[in-house]
Amino acid sequence: MALTRSNTPQNSLTFSERASDPDTLHQQAMALKARESIPYEVAVKRCLSGESYV
């Protein structure tokens with residue numbers, strides 16, 4: 001992930017682009033969980049923080 005001078009990831013999601021409803025968040029977290037073999041809770045946190053684009 002490339003960083004700009006302000007240390008903001010260039011490919012990070014803005015708040016409005018992140019999952020805004022529970023069903024979408026769940027779907028994104030489940031996809032990330034399956035793809036990376038990580039716990040569901042970790043996947044949810046990453047989806048909410050914008051650390052991972054699903």
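Author: Helix α1 passes helix α2 in a right-handed crossing, a crossing being right-handed if the near helix is turned clockwise from the far one by less than a right angle, and left-handed if anticlockwise. This is a predicted model, in which local features need pLDDT of at least 70, side-chain atom pairs count only at pLDDT 80 or more, and totals for chains, interfaces and linings use all residues. Residues are numbered from 1 along each chain as its sequence is written, and side-chain values use heavy atoms, with hydrogens and water left out.

Helix α1 spans residues 22-36 and helix α2 residues 40-49; the two pack at an angle of about 120 degrees, with their axes 8 Å apart. The helices are therefore oblique to each other (angles under 35 degrees count as roughly parallel, over 145 as roughly antiparallel, 65 to 115 as roughly perpendicular and the rest as oblique).

In the contact (heavy atoms within 4.5 Å), α1 contributes Leu 25, His 26, Gln 28, Ala 29, Met 30, Leu 32, Lys 33 and Glu 36, which meet Tyr 40, Ala 43, Val 44, Arg 46, Cys 47 and Leu 48 of α2. These residues divide into nine nonpolar, two polar and three charged.

Helix α2 also holds Ser 49, whose side chain reaches the backbone oxygen of Arg 46 at 3.2 Å. Ser 49 is partly exposed, with a relative accessible area of 33% (buried means under 20%, exposed over 50%, partly exposed in between, with a 1.4 Å probe and protein chains only). Of the 54 residues in the protein chain, 22% are buried.

Note on methods
Axes are lines fitted to C-alpha atoms, for helices over the stretch in contact, and angles run from 0 to 180 degrees between N-to-C directions. Helices (H or I, at least four residues) and strands (E, at least two) are DSSP runs, numbered from the N terminus. Ala, Val, Leu, Ile, Met, Phe, Trp, Tyr, Cys and Pro count as nonpolar, Asp, Glu, Lys and Arg as charged, and the others, Gly among them, as polar. A polar contact is a pair of N or O atoms within 3.5 Å; within protein, one must be able to donate a hydrogen and the other to accept it, and residues adjacent in sequence count only if both atoms are side-chain atoms.
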